[in-house]
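Thanks, everyone. Let me put the model up, and then we'll go through it piece by piece.

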Amino acid sequence: MASIARCLRAVRPSALPRLSQTPRAQPNWRTTAVRAFSTSPIRDIRKYTKDHEWIDLNADQTAGVIGISEYAAEELGDVVYVELPEEGKELVAGDTLGAVESVKSAADINSPIACTVTAANMSLEEKPGTINQVPEDDSHGGGWIAKVTVGEQGRKDFESLMGLEEYKAFTGSEEH
């Protein structure tokens with residue numbers, strides 16, 4: 001805290017005249033504008049189904065992550081059990097990927113596109129409530145269901161899914 005207070009005292013308005021009178025050494029090198037960070041988001045492409053699943057595909061559309069939407073997680077209530085897919089399972093769009101059981105109801109999780117399961121989120125077996133906390137998080141501690149590889153048919157299926165704005169309009173107009 002003491003160092004923060006010292007910094008604040010240095011920029012106090014009463015100190016500015018003293019600071020401006022202090023001679024400054026001019027650097028002997030030129031400053032160039034360097035952009036350290038990109039302002040465009042490097043993000044996977046996410047789309048949604050009418051059954052409230054989402055899929056993120058990587059930039060080259062060969063791999064992705066599947067989960068249930070935030071809307072679906074809220075509608076389900078407290079999730080108490082998640083049935084996860086087996087690694088290597090080949091699916092076509094609409095096939096059952098797994099299931100979610102909550103205190104209110106149970107629901108199947110359907111594959112949004114044709115794909116092959118490469119990994120399942122095993123942490124959901126111990127902590128199924130993670131889906132309620134972060135349903136659309138595809139990071140290590142998130143509520144994603146499965147990681148998949150995608151072929152040509154999967155890329156075609158992906159094109160027919162809804163983008164975020166379309167999905168928001170769909171859930172806003174839907175009566176449950």
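Start with the sheet. Strand 3, residues 63-68, and strand 9, residues 146-149, pair in the antiparallel sense over 4 bridges. Strands here are DSSP runs of E, at least two residues, helices are runs of H or I, at least four, and both are numbered from the N terminus. Two strands pair if DSSP finds at least two bridges between them. Val-65 stands opposite Lys-147 in strand 9.

A word on the source. This is a predicted model, with local features needing pLDDT of at least 70 and side-chain atom pairs pLDDT 80 or more, while totals for chains, interfaces and linings use all residues. Residues are numbered from 1 along each chain as its sequence is written, and side-chain values use heavy atoms, leaving out hydrogens and water.

Now helix 7, residues 164-173. Tyr-167, Phe-170 and Thr-171 are buried there. Buried is under 20% relative accessible area, exposed is over 50%, partly exposed is in between, with a 1.4 Å probe and protein chains only. Why do they sit on the same side of helix 7? Because they cover an arc of only 90° around the axis. That arc is taken over directions from the helix axis to the C-beta atoms. On the other side of helix 7, Glu-165, Gly-172 and Ser-173 are exposed. The cover over the buried residues includes strand 1 (45-48) and helix 3.

Met-162 is buried, at 10% relative accessible area. Beyond neighbours within four places in sequence, Met-162 has contacts (heavy atoms within 4.5 Å) that include Lys-47, Tyr-48, Tyr-167 and Phe-170. Its C-alpha lies 8.9 Å from that of Arg-46, 116 residues apart along the chain.

Last, the lining of the largest pocket. Helix 3 (70-76) and strand 7 (106-110) each supply at least two residues. Helix 3 gives the largest share, 4 residues. By type, the lining divides into 7 nonpolar, 3 polar and 4 charged. Nonpolar means Ala, Val, Leu, Ile, Met, Phe, Trp, Tyr, Cys and Pro; charged means Asp, Glu, Lys and Arg; the others, Gly among them, are polar.
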